[in-house]
Amino acid sequence: MTAAASADRRAELAWALEQVRARIGRACDASHRPAGSVTLVAVTKARPASDVAALAALGVRDVGENRVDQARAKHAAVGDAVTWHFLGRIQSRQTGAIARVADVVHSVDRPVIATRLGRAAVEAGRRLLVFVQLSFDADPERGGAAASDLPALADHVAMTPGLELAGVMAVPVLGADPWATYRELAGVAGRLQEQHPGARFVSAGMSDDLEAAVAAGATHLRVGAALLGVRRPPGDKVRPGRRADEPA
Ligand SMILES: *Cc1c(COP(=O)(O)O)cnc(C)c1O
């Protein structure tokens with residue numbers, strides 16, 4: 001069990017969720033896309049499990065984590081009320097833990113990770129939906145495979161038992177124009193789908209650039225700050241070192 005978020009926090013999250021959903025709705029309208037064609041993944045990162053539970057109560061069905069310890073702790077607290085997405089860098093030794101808690105993995109960028117995730121998924125009697133991550137600049141911090149390596153990586157994922165190829169994911173280079181970035185990603189996604197017709201998903205778009213991602217055809221938006229970065233109202237009493245909504 002997890003401590004419930006405070007009423008103030010629940011109100012903040014409800015408000016932020018309304019704003020984000022309205023932005024997605026306007027972006028879908030502008031591109032003549034049905035609202036249901038986009039999945040909102042709430043990226044909860046350092047926020048407590050009580051925030052995840054509060055978002056689930058507000059109707060959020062998809063939650064993303066970029067660290068294995070956070071994913072395990074929140075999965076243990078919240079369980080299968082939501083679909084769990086993993087979107088951080090993956091080390092080989094973490095594949096077992098990820099395969100046990102994640103339903104969707106956005107950040108597979110090399111064959112060895114796919115092989116190990118698949119093996120762990122089969123052992124756990126699970127099947128993971130997997131995005132291959134494209135890198136625009138080969139920055140190891142962000143992860144991702146070079147565009148030239150992506151087709152072979154996608155073939156490998158598609159052949160690996162326990163894994164299902166979802167499509168392609170990318171994080172834009174800091175300072176790059178997201179509209180150009182996501183158009184380029186859409187081109188890569190289109191070529192991937194020619195080889196793998198089932199790989200129809202595109203994971204792109206974050207708090208600051210989701211409009212550009214929707215316009216370019218993104219199916220999964222990974223939104224953190226715009227949903228969860230809302231500060232509590234002034235005057236709310238907190239003990240030092242502990243957030244108001246954090247479990248005691
Ligand atoms: C943190 C994170 C996000 C969310 O970014 P925001 O700007 O907070 O919306 C999306 N994708 C990845 C891979 C992340 O690490």
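First, some ground rules. The model is predicted, so local features need pLDDT of at least 70 and side-chain atom pairs count only at pLDDT 80 or more, while totals for chains, interfaces and linings use all residues. Residue numbers start from 1 along each chain as its sequence is written, and side-chain values use heavy atoms, with hydrogens and water left out.

**Helix packing**

Helices here are DSSP runs (H or I, at least four residues), numbered from the N terminus. Their axes are lines fitted to C-alpha atoms over the stretch in contact, and angles run from 0 to 180 degrees between N-to-C directions.

Let's start with α1 (residues 7-30), whose axis comes within 10 Å of that of α2 and crosses at roughly 55 degrees. That makes α1 oblique to α2 (under 35 degrees counts as roughly parallel, over 145 as roughly antiparallel, 65 to 115 as roughly perpendicular and the rest as oblique). The crossing is right-handed, that is, the near helix is turned clockwise from the far one by less than a right angle. Arg-9, Arg-10 and Leu-13 of α1 meet Asp-51, Ala-54 and Leu-55 of α2, where contact means heavy atoms within 4.5 Å.

Moving along, α2 (residues 49-57) and α3 (residues 68-78) have axes that come within 9 Å and cross at roughly 50 degrees. That makes α2 oblique to α3, and α2 passes α3 in a right-handed crossing. Ala-49, Val-52 and Ala-53 on the α2 side touch Lys-74, Ala-77 and Val-78 on the α3 side. This contact has five nonpolar residues, no polar and one charged.

Then there's α5 (residues 111-123) with α6 (residues 150-159): about 10 degrees, axes 9 Å apart. That makes α5 roughly parallel to α6. Pro-111, Ala-114 and Thr-115 in α5 meet Leu-153, His-156 and Val-157 in α6, giving four nonpolar, two polar and no charged.

**The ligand site**

| Residue | Protein atom | Ligand atom | Distance |
|---|---|---|---|
| Lys-45 | polar side-chain atom | oxygen | 3.0 Å |
| Arg-222 | side-chain N or O | nitrogen | 2.9 Å |
| Gly-224 | polar backbone atom | oxygen | 2.7 Å |

How values were computed:
Helices (H or I, at least four residues) and strands (E, at least two) are DSSP runs, numbered from the N terminus. Ala, Val, Leu, Ile, Met, Phe, Trp, Tyr, Cys and Pro count as nonpolar, Asp, Glu, Lys and Arg as charged, and the others, Gly among them, as polar. A polar contact is a pair of N or O atoms within 3.5 Å; within protein, one must be able to donate a hydrogen and the other to accept it, and residues adjacent in sequence count only if both atoms are side-chain atoms.
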